[in-house]
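I opened this entry to keep track of what I looked up. The notes follow the order in which I went through the model.

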Amino acid sequence: MAETGAPEEIQVYRATWVMPITSDPIYDGAVAVKGDSIVAVAPFDKVSDAFPGARVIDFQDALLLPGFVNCHSHLEYACFRGLIDNHNFGPWILEFIGFKARLNGPDYAASAYLGAAECITSGITTVGDAMYSGESLKAIRQSGLRARAYQEALGIDDAHLDDTMARLSEKLDELREQTGDLIEIGLFPHATYTVSASLYRAIAEYARERGMMVASHVAESNEETIYIRSGTGMLALDLREKVGWDHLSRQPFGVTPVKYLQQWNVFGPDFMAVHCVHVGPRDIDVMASHDVSVAHCPKSNAKLGCGIAPLPALLEAGMRVGFGTDSPASSNIMDMFGEMRTAIFLHRGVRRDTRVLNAADCVLMATLGGARAMRMDDRIGSLEPGKQADMIAVDIKFNHFTPVHDPYSALVYGANQEDVFFTMVDGRVVYDRKVLKTLDNEKMTADALEVKNKLRS
Ligand SMILES: [Zn+2]
């Protein structure tokens with residue numbers, strides 16, 4: 001079926017509904033693509049008049065929309081799904097660290113390939129991926145995904161700060177050699193309980209000098225708030241003992257995680273705060289005044305018993321917010337439909353008000369909102385002439401979609417991962433009629449079983 005054409009050849013993709021995001025859905029719409037870019041988005045008859053003789057790929061009963069932007073993932077933990085399903089955040093992270101130690105580089109790579117495949121088959125075209133091992137880069141590159149691949153950094157012993165930064169810098173140089181046109185490298189200081197204030201500050205300075213973007217887990221759990229505020233709790237005691245940091249001193253800072261980070265000058269428009277569950281109005285003011293963006297991960301936060309991030313307040317403060325699936329180790333599947341649905345139900349339920357979020361708001365956050373949060377909205381996030389051709393098609397011929405009154409409603413309340421049948425990134429078809437074009441599904445499944453056996457051994 002549809003393949004990428006010659007660079008100068010125009011391909012016209014037609015569907016029952018085209019959803020540009022920046023304008024109203026178009027019934028019987030079409031998107032014309034030339035090389036890696038979108039050249040037209042309009043009703044089909046107008047596009048076909050403008051490009052007579054162009055090859056037409058007619059998806060018929062489908063929604064055609066921009067690919068989802070997953071602001072926060074950990075592809076390398078795809079094989080951890082279903083391993084720890086019933087722990088609160090503190091015990092969960094302790095057990096997770098134990099499992100992590102059982103895997104080596106090739107295992108993480110195998111897991112990341114599976115994660116990349118899942119993203120593509122569920123309509124995610126861009127990931128903000130946090131990498132512990134750095135192995136995910138191979139999977140991202142081969143899969144054809146667009147990404148900001150963030151290298152994680154951990155360290156709370158300031159006696160080794162210079163060594164940590166030197167190693168990190170070396171690793172980043174190594175990663176930069178492996179990026180293609182669609183991948184950018186970022187920095188990911190892991191969290192307030194695994195990264196010292198000096199290391200946070202050093203990373204922020206390093207990134208600013210080089211124009212790199214930074215993201216970090218911020219205010220995810222109650223355990224984190226207790227750790228920063230009082231210097232105690234599970235993260236201060238059990239976690240430190242588990243990773244061999246129990247000989248290092250710690251102190252209570254008496255503030256929230258957000259105010260703690262503000263003191264070390266890490267916030268700016270180049271910083272994305274992942275989670276932001278435990279934030280109050282003053283924390284939100286601080287982040288908004290620094291133009292910090294947020295990755296909202298409602299499923300992971302709820303599943304680990306962390307709570308519900310105050311999304312309506314973050315949006316009311318004018319913050320740039322996108323969705324993140326977080327890692328399959330916590331949220332099991334990287335499914336933006338699940339994130340959209342969880343968000344709308346949670347926030348409407350908690351506020352007892354349907355006005356807090358509607359289906360169109362959710363789709364905006366999953367596409368252009370995520371692109372804004374990642375500062376990629378000049379290239380992606382909507383279907384508009386001049387933007388890169390990142391788009392997906394969702395099959396709506398099934399009973400659970402019929403009849404479609406409103407494509408936003410169909411997408412948020414009705415669609416699932418498996419309804420996606422076409423994914424294009426940068427003009428390249430990476431998934432077509434449910435067939436992966438860049439990855440070997442059989443090999444990935446076999447490799448994943450081996451990783452599973454190692455995790456269970
Ligand atoms: Zn995470």
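I began with S382, which sits in the loop between α15 (359-373) and β14 (391-395); helices (H or I, at least four residues) and strands (E, at least two) are DSSP runs, numbered from the N terminus. The model is predicted, so local features need pLDDT of at least 70, side-chain atom pairs count only at pLDDT 80 or more, and totals for chains, interfaces and linings use all residues. Residues are numbered from 1 along each chain as its sequence is written.

Is S382 buried or exposed? I found S382 buried, because 21 other C-beta atoms lie within 10 Å. The cut-offs are 20 or more such atoms within 10 Å for buried, 12 or fewer for exposed, and partly exposed in between, with C-beta atoms placed from the backbone. Beyond its neighbours within four places in sequence, S382 is in contact with P20, I21, T22, P66, T367, L368 and K387; contact requires C-beta atoms, placed from the backbone, within 7 Å. I also checked G105, which is 277 residues from S382 in sequence and 36 Å from S382 in space, C-alpha to C-alpha.

Next I looked up the domains. The chain is divided into domain 1 (10-67 + 382-437) and domain 2 (68-373), with bounds from an automatic or database domain assignment. Their centres, taken over C-alpha atoms, are 30 Å apart. I noted 24 residues of domain 1 in contact with 26 residues of domain 2. On the domain 1 side, β5 (62-66), α16 (407-414), β15 and β16 each supply at least two residues. The most come from α16, with five residues.

I then followed the strands. β15 (residues 420-425) and β16 (residues 428-432) pair in the antiparallel sense over four bridges; pairing requires at least two bridges found by DSSP. M424 stands opposite V429 in β16. These two strands form a hairpin with two residues between them, and D426 in the turn has a positive phi of about 55°. β16 also runs antiparallel to β17 (residues 435-436), joined by two bridges. There D432 has V435 in β17 as its bridge partner. β16 and β17 form a hairpin with two residues between them, where R433 in the turn has a positive phi of about 50°.

Last, I turned to a helix pair. L161, T164 and M165 in α5 meet S198, L199, A202 and Y206 in α6.

Key. Contact = placed C-beta atoms within 7 Å.
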